[in-house]
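Please look over the sequence and the model shown here before reading on.

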Amino acid sequence: MSRLKIQQLSKQYANGVKALDAVSLEIPNGLFGLLGPNGAGKSSLMRTLATLQQPDAGTVLFDGLNIHQYPQQLRSQLGYLPQDFGVYPNVSASELLNHLAILKGLLNKTERREQVDALLQQTNLYTVRKRAVSTFSGGMQQRFGIAQALLGSPQLIIVDEPTAGLDPEERNHFHDLLSEIGEEVVVILSTHIVEDVYELCPQLAVMAQGKIIVQGSPAQLTAALRGRVWSKTIESRALTDYQLAYTVLSTRMLAGKRQVLVLADACPEPGFVPFNPGLEEVYFSVLAESKPAQKATLC
Ligand SMILES: Nc1ncnc2c1ncn2[C@@H]1O[C@H](COP(=O)(O)OP(=O)(O)OP(=O)(O)O)[C@@H](O)[C@H]1O
């Protein structure tokens, strides 16, 4: 059952950029991935859901509550890790978390201490709790960011581009943390990294130019694309010709040869073979098809 209902949400900034264009989504408990390239409008949507900005039109209901009419009620149930939560004062992790817990309304000292310690343990920061957060690595700072988002046992958790810039090991740590948050809360993970969503999210949406382009499970979305992705090994110097002629989703080097993946409803030309699409191909095909000027498919 959907707990978060986003209906026809629109937002235009003073400079004329329409960051959200009639966005509608229904989001149940669990991890929900919001995938999109830079500038798609993800952060605008996350900030609007976190009640940090008002939409121009549309409504958002969380458990039936209109969040922009009752922002304080939403905030008491919200955990938010913004994209730019990166500047920390020169105080220790446990002091800062304790301070943020007070701001979050955790006024009972014993309970607060217990929760702060538990979150430092959960995010694997307990042994470094006396170190200033400003001296932490990027990955440790992001884990601290999750610890503060989890203060007060929120029901709606919003994490905006949390793994950008993390090395693979820290990204794995972060994935483990997110997957442990639990299935009884709504967690929205906004990212441009396909593997984040593939590894973690049973449901996802792809956003581009302020609009939701597709929504579903990874299995549904990849099944819908089956039969439309074709692969061929080509000479690297022929790549531009293929890009001009076809909708090239991606290219990669395989054992010294260049492989191109092309989106087409039927075999584009001799030498192409069907390719079993994954979430990455779904993402690139959605982006290719959402672009205003499309290439003719020469089949
Ligand atoms: N405060 C603002 N004032 C004016 N334009 C803005 C503002 N915030 C975002 N934008 C513009 O709105 C569009 C959507 O930006 P947004 O940050 O929501 O996208 P995003 O998908 O989160 O991308 P990124 O990962 O690059 O932040 C972009 O064109 C951006 O330049």
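How many bridges join strand β3 to strand β8, and do these strands run parallel or antiparallel? Six bridges join β3 (residues 30-35) to β8 (residues 186-191), and the two strands run parallel; one of the pairings sets G33 against L189 in β8. This is a predicted model, in which local features need pLDDT of at least 70 and side-chain atom pairs count only at pLDDT 80 or more, while totals for chains, interfaces and linings use all residues. Residues are numbered from 1 along each chain as its sequence is written. Helices (H or I, at least four residues) and strands (E, at least two) are DSSP runs, numbered from the N terminus.

The two strands belong to an open sheet of six, in the order β6-β7-β8-β3-β9-β10, with mixed pairing, where two strands pair if DSSP finds at least two bridges between them. Because β6 (78-81) and β10 (211-216) stand at the edges with a single partner strand each, one side of each is left without a neighbour in the sheet. From one strand to the next the twist averages 15 degrees. Helix α1 packs on this sheet, touching β3, β7 (156-160), β8 and β9 (203-208), and its direction makes about 150 degrees with that of β7. Here axes are lines fitted to C-alpha atoms, for helices over the stretch in contact, and angles run from 0 to 180 degrees between N-to-C directions.

Another helix packing involves α5 and α6 (residues 168-179), whose axes come within 10 Å and cross at roughly 10 degrees. The two helices are therefore roughly parallel to each other, a description that applies to angles under 35 degrees, whereas those over 145 count as roughly antiparallel, 65 to 115 as roughly perpendicular and the rest as oblique. In this contact G139, Q142, R143 and I146 of α5 meet E170, H173, F174 and L177 of α6, two residues being in contact if their C-beta atoms, placed from the backbone, lie within 7 Å. The residues of the contact divide into three nonpolar, three polar and two charged; Ala, Val, Leu, Ile, Met, Phe, Trp, Tyr, Cys and Pro count as nonpolar, Asp, Glu, Lys and Arg as charged, and the others, Gly among them, as polar.

Of the 13 residues around the ligand, Y13, N38, K42, S43 and S44 come nearest, where a residue is near a molecule or strand if its C-beta atom, placed from the backbone, lies within 6 Å of it. The shell divides into four nonpolar, seven polar and two charged residues.

Two loop residues have a backbone feature to look for. T51, in the loop between α1 (42-49) and β4 (57-62), has a phi near 60 degrees, a positive value in a residue other than glycine. T51 is partly exposed, with 18 other C-beta atoms within 10 Å; a residue is buried if 20 or more other C-beta atoms lie within 10 Å of its own, exposed if 12 or fewer, and partly exposed in between, with C-beta atoms placed from the backbone. N124, found in the loop between α4 (109-122) and α5 (138-150), has a positive phi of about 60 degrees although it is not a glycine, and N124 counts as partly exposed with 14 C-beta neighbours inside 10 Å.

I6, in strand β1 (residues 2-12), is buried, with 24 other C-beta atoms within 10 Å. Leaving aside its neighbours within four places in sequence, I6 is in contact with V23, S24, L25 and V60.
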